[in-house]
Every structure is written in C-alpha cells, then in structure tokens.
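Let's take a friendly walk through this structure, one step at a time. Keep the view open beside you as you read.

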Amino acid sequence: MDYPLVWFALLGVLWAAYFATDGFDLGAGMLLSTLGKTEKEKQAILESFGPLWNGNEVWLVTAGGATFAAFPAAYAVIFSSFYIPLLLVLFALIVRGVALEFREKLESPAWQAACDAGILFGSALPAFLFGVFFGNIFRGLPMDERGFSGPFMELLNPYALLVGVLFCVLFLVHGALWIALKTEGALSARAGDFARRFWIPLMAAVILFVVGSGYNSRLPVAFFQNGVLLIFPVLTLAALFAIKVHLQRSSYLKAFAASGLSILLLMASCFAGLYPDLLPSRTDPAFSVTVSNAASGVYTLKVMTIVAAIFVPLIIFYQSWAYRVFRGRISPEEIGESSYL
Amino acid sequence: MDVLSLSRLQFAMTAGFHFLFVPLTLGLTVLVAFMESRYVSTGNPLYLRMTRFWGKLFLINFAIGLVTGLTLEFQFGMNWAAYSRFVGDIFGSPLAIEATAAFFLESVFIGLWIFGWKRLSPRMHAFSMWMVALGTNLSALWILLANGWMQHPVGYVLRNSRAEMVDFTALVTSSYGWLKFLHTISAGYVTAAFFVLGISAWHILKGRELPLFKASFRMAAVFGLVSSLGVVGIGDFHGAEVGHVQPAKLAAMEALWDTQSSVPLYLFIIPDDKNERNRVEAIGIPYLVSLLAYRDIHAEVKGLKEFPKEDRPPVSEVFYGFRFMVYLGGLFILLSAAALYLSVRNRLETFPGFLRLLVFCIPLPYLASQAGWIVAEVGRQPWIVYGLMRTRDAVSPNIAGSQVMFSLIGFGLLYSLLLIVGLYLMIYHIRKGPDPAGTPAPNTTSST
C-alpha cells in the first residue's frame, strides 16, 4: 500500500470534514447579528449550533495532529511559515469559543453585545484566514531550505485574498442554509433569502477561483495529466448548482446537504490538484515539501492507519448520533435552553 | 531577546496558563458525573441541584481549558519546527491519537450534556458527563505519554536524521508516561476536591443550602483524601523513576552537588547555584534520599558535579519547585483527612476557623501543579528530548524575534483577559449559589 498517498488523502478528508462541519457554524456565527434581529432569534441561531460546534472544531485539531504524525516535515515547515496567520486564527478561535460559552453566563445586554462581537470576529477571521492559508499553499511560497521567512504581507497576495473571500462566502451560504434548516418562521425565511442572494456571489467567487488557480497555481496541471480526476471539479459544480435548485424549492435540508457536499468536493478537487505537494516552493522546486520528502516512516504510517481505521468510523458514529439527538428545528419553547445551566 | 528565549517564555506561559484549567477539569468532571449518577439512582432532587451548580462552575473552567489547548498543538509547529521535524515520526502519533480517541469524545459529549437536558433521558444525560470525564482523562493520558517520551525517549531509532518510531508498544507502555499520567490526574482530582471543599466551606460558613453543601463537602473530602494519598504515593514512584532515567534532574530536585552514598534528606536547604554548593543544609534525615530514589538506604546518588555544566538543569528552580510541591502534597493529606473526619462526625460548624482555612486553600493545588511542571520541564533542561536533542536546537529557523514578540504580547493580553473574565464569572456564580429548591427537573418528562 502507498501509505504516504493514503495519508495525503486522509489529510484531505480531515480538512474537508472540518470545513463541511465547522464551516456552517463559522458561517452562522458570522450571520448571528445580521439574521438575528431580536435576542430570541439570536439565541435560536446560537442554539442551532451550540451543541455541535465543539465536536466540529476537533476535525481541525485532528487535521493538525495527523499532519504532525504523518508528515512531520510538512507540519514543521507549514506551521512556522504561516506563523502570523495561524496565530491570528488561534486568537480568533479562542475569543469565539469563550464568547459562545460565556454569552449566557451573565444577564447583561452589554455583555451579550460584547460576546456577539467576539463571535462575529471569531467566526469571520478564521474563515478568511483559512482561505488565505490554503490560497498560499495552492500558489506556493517563496522558500529556502528552512521554509518561508518573508513578511506577513507577502501572504496577502491577490490570489490568496481571493481564496479567503471564497471561503467566507462559501461558509456564509452554508451557515445561512443551516439557520434556515434549523429555525422557524421569519428567521428561517430570512436565512433562506440570504442564501438565495449569496448564491450568485458564491458562483462568481468559484469562477474567479478556477481562473485564478489557472494563472497562479499548479492545481490544474494534475487534471490535464489524469482526466479521471476531473470528476471532482465537475461534481463540485454540480453540487453548487444543486444548492440553487433546492433553494428554489425551499427544501433547505437538501440545499444544506448540497452545500456540504460542494465543500467536500471542492477540497477533494484542490487536494487532487495539489498532490504530490504539501507546500510547493515558488523558488527552487527542490525546497517544495512533498508527500515523499515529508512523510513519516512506513511503520509509523501503518500504526496510524490502524488507529484511524478504528477511531474515525467510531467518531463518525457518535458524532452523527449527536446530530440526530439535536435534529429538527429549534422550537420557540426550547429557546433559552442553554441558559438553563 | 532572541527567538529561542521568547519561544521558551511563550511555551511556558501558554502551557502554564492552560494548566490552570486542566486539573480542575480532570477532577470536576468525575465529581459532577458522580453527582448526576447519584441523582439518577436515587431520584433525589438535591443531587440534581448539586450537579447543576457544580456543573455550571465546571463549564466556565472547561471553556477556557478547551480553547487554550489548541495553542499548544499549533505551537509545536509554529515555534519548534526543528523539534517537530526531528521527532514528529514518533511524537506526532500520541498527539494525533489524543485528538481522535479522546478530544472528540469530550467535545461531542460536552455539547450533548449542555444542551441535552430535554432531549436525553436522565440516564443518557449522566452517561454523557461520564463520557466527558473519560475523554478528558484519556486526553491527559495521550498528552502525558507524549511528554513522557520527551522525558525518557523509548521505542525509536535515529534514522534519516530524525527519531523514527520502531516500537509503538514501547511508547504506549512507557512506565515514565504512565506514572506521569497517574500522578497528574490524581493532582487534578486533588484540585477539584479542594475546589469543592473550599466553596462548600464558604457556603456552610454563611449557613446557606446546608444539606447541599454538606453533601458536596463529604463527597469532596473522600475524593480529596483518596487522591492526595494517590498523588503522593504515585509521586514517590515517579521520583524513583526519575532517579533511574534522569539522574541530573534528580540531583537538582535534591540539590545534591557531590556524588555520595547513604544520602540524607535535609529538611531545609538553600542552594547556591553559582558556587555549586548549598549555603544551608539543616535537619537531616539519614539515608532518606537514597531510600526514596533507589529503594536502598546505602545507594549511591549521583551529584550535579558528575555532569558537565552544559548538561545540568537550573538547580534552584527545580529544587524549590520540588520541595514546595512535596510539602503541599503532605498538607493535602492532612487537610482532607481532617475534613473527612469533621464531616463524618458532623462537626463542621463547630470549627469555623477550619472552614475558613479551606477557603484559602483553594489555590494551593494549583500552585502545587505549577510547581510540579516546573520540576518536570525545567528539570529536563537543557534537553527538549532528554539526552537526544537540546532545547536550543529545537526552535524554528524561519521565524523572526519580532514575530514571537508579537505573539507573546498577544497571548499575554488575551490570556489576561480570559483570566479576568473567567474569575469574574466563576466568583459571580459561586456567590449566586445553586438554583432555588423546587426548580422543576428538566428531563423528567423526556422520552428520548
């Protein structure tokens, strides 16, 4: 078995799972004050993802841990090269986490307003910066043998900013669909309208991303070399159109499933294009971090494959069970449940 | 300051801060889960109110512990890239397993616990807290196996200019890692016990909610006595293991400069790092260091001068940290035994001074834990992986001092804010006390 390839694919799965799950709660967090017009509506939004976001975020921790275990050199070079953006992601996720958990712990409108600001900032910044992060990975960094040591501003190139915007719009639509699906009445309708309105900008961002990737990255090369891989981008487009179709019929569950799928497939397309690089060098290709020069030994990868084969299905099992426990729309009498404790 | 010193300072600060919240999480999950199980088995609403009161305090603490944990995982790659590259093959595995096998468990089930009062049956709801307890404790296991590997590397070979794993079993059965795990979780249980004892004592002094707080007090006293005996007993074995695998650390812990046999333990020592001697050594208990370290009163114990200067840890920090921790450990046994005695005799109110003392003892287990980590991590210096890689060689080569200065200041500000908010909420809810009796049970009508 080609273990490095397996782990590259698994890494893609972990990131995709992270964005498909945490993506909606980041999106819903960004929309908290835009769609939630009253305190009741805000609480409904918060309770729609309150029980689930913690578990969603662990996909990120797992993606980080898996990179460390399976591709130590990639973990070392990528995390140190993206020092400032990852630091800001950390700050944002810390603020967001405590704002979500502490919002109902004091009865004071000023405190709630401060937490709402924390949730907005803590949701928007990671969405955007993860886009910038992946944009630069797709584009490659000017590296030497130590990795990238240039200034932060160099990471804010137009292509990376574009991917940042794409991620934001994608998560906004995903989050709006979640709110439409999980709440009732005017709030649900407003969220549905928001998703309908943002579908056009989303498609615009996707098209710009495809064109931009052609000019700025080596992502498209893989698809010319192996036509079978085209299945991923084609299906991504199909899923994006499915969002629109289901939105027209206001079947939010299907539209949400389609947006989740489009995130999964978009990540699959990107990882298919990136292979065998984990972080390409824009200077000398000898400095590129690749699947072969960054992977752990076969023994370690075997052990970790067994671990993943046992635990990933188990996690999916109990996480899906949690989603099932919290199925259905948040009814008005349920609102305020979290302040119970 | 350079990248190395700033990165060390940042890691020490962020790890130390994270560990202000971890011990209470480790112990209080178990106590809250136990309280809720009592509610499920007896149906007594007192236990439900108890669960909810301590559960609320638990959640405030848990939230900060959770968000500050992510920092540590990211930091290995951000600041310690050379280390990560060198050890990732073996060290990355326990971290990745921690996420998959433990962190998911606690994160998914905490959501079920907070929001599931109406959607889960009482039994399933209590089960969720047990899963959180299992998840946090398993999480500690994998993290401490990873840390145990840094202290005493096993199961690897040096190949391709890095440490590659060749024996996973050696990694997960490392006695160093397991002793460290058991020592750490029992320290966490002590922290939770003294937290519950102190807060219950405060409410008992005020004469409020006496049945609830006396019952909490009793539970915490039992838990505290068992876990203080555990933390000291396991600590003793852990110390003996250190003597075998990290002799320079042991010498620093005991401030022993010259190699000797039949080493006595002096109750009072003032080490003088510069002149490589102790300024004061008083009240010696014969043979005790030899006995504790090697289980033999005549055993030879290596002194610090046995090691080249560049291989020795800083002595004073390690020595004082160790002494402080050990004396506090003894104090915890005495205090919890007294607490249990008075609680069983139902004579708590007759000793208000003791109750007041317990309130002031809440911070002590925190200090003991911090001191313990200073012994473990400063005592490991100058190595990041004992005997294998020096801390100074581990730092990221491609980051600038200004970046680390920025992140250090950022963490300093953000974490100060978290501490203020966390303490404020904690004190607010402690003062507020439990919900009034007669509040309807949330999940008695549930059918799921």
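How many of the residues of helix α4 of chain A are buried? The count is 10 of the 10 residues in the stretch 72–81, so this helix is largely enclosed by the rest of the structure. Please keep in mind, here and below, that you are looking at a predicted model.

Now let's turn to where the two chains meet. The contact takes 61 residues from chain A and 62 residues from chain B. On the side of chain A that touches chain B, α3 (53–70), α4, α5 and α13 (298–325) each supply at least two residues. Of these, α13(A) gives the most, with 13 residues. Sorted by class, that side of chain A has 40 nonpolar, 16 polar and 5 charged residues.

One pair of helices across this meeting place is worth a look. Helix α5 of chain A (residues 83–102) packs against helix α13 of chain B (residues 401–432) at an angle of about 5°, and their axes are 11 Å apart. Because angles under 35 degrees count as roughly parallel, α5(A) is roughly parallel to α13(B). From α5(A), the residues making this contact are A:Tyr83, A:Ile84, A:Leu87, A:Phe91, A:Ile94, A:Val98 and A:Phe102. Their partners on α13(B) are B:Gln403, B:Ser407, B:Gly410, B:Leu414, B:Leu418, B:Val421 and B:Leu425. An α-helix has 3.6 residues a turn, so residues three or four places apart point the same way. By class, the contact of α5(A) with α13(B) has 11 nonpolar, 3 polar and no charged residues.

Next, step back and take in chain B as a whole. You will find 13 helices and 8 strands in chain B. Its C-alpha trace spans about 70 × 50 × 40 Å along the principal axes. For 448 residues, a compact globule would have a radius of gyration near 22 Å, and the 23 Å of chain B agrees with this. Buried residues make up 54% of chain B. Among the contacts in chain B with a separation of 6 or more, 78% join residues 24 or more positions apart.

Our last stop is a pair of helices within chain B. How do α3(B) and α4(B) lie, roughly parallel or roughly antiparallel? Helix α3 (residues 81–115) and helix α4 (residues 122–151) of chain B pack at an angle of about 165°, with axes 8 Å apart. They are therefore roughly antiparallel to each other, and their crossing is left-handed. The residues of this contact divide into 23 nonpolar, 5 polar and 2 charged.

How values were computed
Residues are numbered from 1 along each chain as its sequence is written. Chains are lettered from A and ligands numbered from 1 in the order in which they are written. This is a predicted model: local features need pLDDT of at least 70, side-chain atom pairs count only at pLDDT 80 or more; totals for chains, interfaces and linings use all residues. A residue is buried if 20 or more other C-beta atoms lie within 10 Å of its own, exposed if 12 or fewer, and partly exposed in between; C-beta atoms are placed from the backbone. Helices (H or I, at least four residues) and strands (E, at least two) are DSSP runs, numbered from the N terminus. The radius of gyration is taken over C-alpha atoms; the globule rule is 2.2 Å times the number of residues to the power 0.38. Two residues are in contact if their C-beta atoms, placed from the backbone, lie within 7 Å. Axes are lines fitted to C-alpha atoms, for helices over the stretch in contact, and angles run from 0 to 180 degrees between N-to-C directions. Angles under 35 degrees count as roughly parallel, over 145 as roughly antiparallel, 65 to 115 as roughly perpendicular and the rest as oblique. Ala, Val, Leu, Ile, Met, Phe, Trp, Tyr, Cys and Pro count as nonpolar, Asp, Glu, Lys and Arg as charged, and the others, Gly among them, as polar. A crossing is left-handed if the near helix is turned anticlockwise from the far one by less than a right angle, and right-handed if clockwise.
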